[in-house]
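Trainee: I would like to go through this model and ask what stands behind each term. Can we begin with how its helices pack?

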Amino acid sequence: LCLPGGANQFRIVIQRCQEVLLNHMTLRSNIARNAALRENVFMMAICIELRIPLFLVGKPGSSKSLAKSIIADSMHGRASTNSFMKQFKQVQMFSYQCSQHSTSESVIDVFNTAKRFQKSQDHTQFVSVVVLDEVGLAEDSPNLPLKALHPLLEDGTEGADKIVSRDERVAFIGISNWALDPAKMNRGVMVTRVNPDTNELENSARGICSNTPNDPILQRLSPLLRPLCEAYQAVCEKLKKDFFGL
């Protein structure tokens, strides 16, 4: 089978779906609706809705935590103010800040808390979401806390119980600044954010200034944005290391 327009047409359709979803979310006016935010929000919403584990990997500043906040503020199920968002499940997030001192017990406790809360709800209209922030830090822990994730993500259990059906499981999002052990990443969908190019930087700068096309501040700054982004890229290339100045 040949898709009219080829791979580019497929990319355009996916991007439009991301834009439609983001347009119905609750965002502040100075938030840039760039590719990173669109993709992060889209993948979070889909994976939460289907209860598919998601690992979101990217350098600081790649809209990972921002996307999580937007999802939490927008996905209220039937209580949503936006009619489009009423079609999605209501979300309740249970966040855990990982560190080198994390333990398997503490990770399992977060999952159990999320499960108990979800058990009292209609699982067709509600989903608990376990969010492990900075999950990469836990890989350096001598306690090996992330080993507990293997059965929890595969079967929805702690390893000895009967396999839990997908509809009854809690959703999972792991946020990290770097990739984890493949044994863990293979148990879910992994989204990796790459460095933005000059065009993406310029789009981000425009969105930060204003999302209104005729905004006088945006019109005044527009001629400066491209040179500024090119200078930023030049600094990054010259330093040969990570520079989070944006």
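Mentor: Start with helix H8 (residues 198-209) and helix H9 (residues 216-239), whose axes come within 9 Å and cross at roughly 145°. The model is predicted: local features need pLDDT of at least 70, side-chain atom pairs count only at pLDDT 80 or more, and totals for chains, interfaces and linings use all residues. Residues are numbered from 1 along each chain as its sequence is written, and side-chain values use heavy atoms, with hydrogens and water left out.

Trainee: Which residues of H8 meet H9?

Mentor: Among them are Leu201, Ala205 and Cys209 in H8, which meet residues including Leu218, Leu221 and Leu225 in H9. Contact means heavy atoms within 4.5 Å. The residues of this contact divide into 8 nonpolar, 4 polar and 4 charged. Ala, Val, Leu, Ile, Met, Phe, Trp, Tyr, Cys and Pro count as nonpolar, Asp, Glu, Lys and Arg as charged, and the others, Gly among them, as polar.

Trainee: Is the crossing of H8 and H9 left-handed or right-handed?

Mentor: H8 passes H9 in a right-handed crossing.

Trainee: How do helix H2 (residues 35-50) and helix H3 (residues 64-74) cross?

Mentor: Their axes come within 9 Å and cross at roughly 50°. That makes H2 oblique to H3: under 35 degrees is roughly parallel, over 145 roughly antiparallel, 65 to 115 roughly perpendicular, and the rest oblique.

Trainee: Why is helix H1 (residues 6-23) called roughly perpendicular to H2?

Mentor: The two pack at an angle of about 80°, with their axes 9 Å apart. That angle therefore makes H1 roughly perpendicular to H2. Their contact includes Leu21 and Leu22 of H1 and Val41 and Phe42 of H2, and its residues divide into 7 nonpolar, 2 polar and 3 charged.

Trainee: What is the strand order of the sheet?

Mentor: The open sheet of 5 strands has the order S2-S3-S4-S1-S5, with parallel pairing. Strand S2 (90-97) and strand S5 (189-192) are the edge strands, since each pairs on one side only.

Trainee: How do you know that S3 and S4 pair?

Mentor: Two strands pair if DSSP finds at least two bridges between them. Strand S3 (residues 126-133) and strand S4 (residues 171-176) are joined by 4 bridges. At one of these places, Val131 has Ile173 in S4 as its bridge partner.

Trainee: Why does the radius of gyration agree with a compact globule?

Mentor: For 246 residues such a globule would have a radius near 18 Å, and the chain has 20 Å, which agrees. The radius is taken over C-alpha atoms, and the globule rule is 2.2 Å times the number of residues to the power 0.38. Along its principal axes the C-alpha trace spans about 60 × 45 × 40 Å.

Conventions. Axes are lines fitted to C-alpha atoms, for helices over the stretch in contact, and angles run from 0 to 180 degrees between N-to-C directions. A crossing is left-handed if the near helix is turned anticlockwise from the far one by less than a right angle, and right-handed if clockwise.
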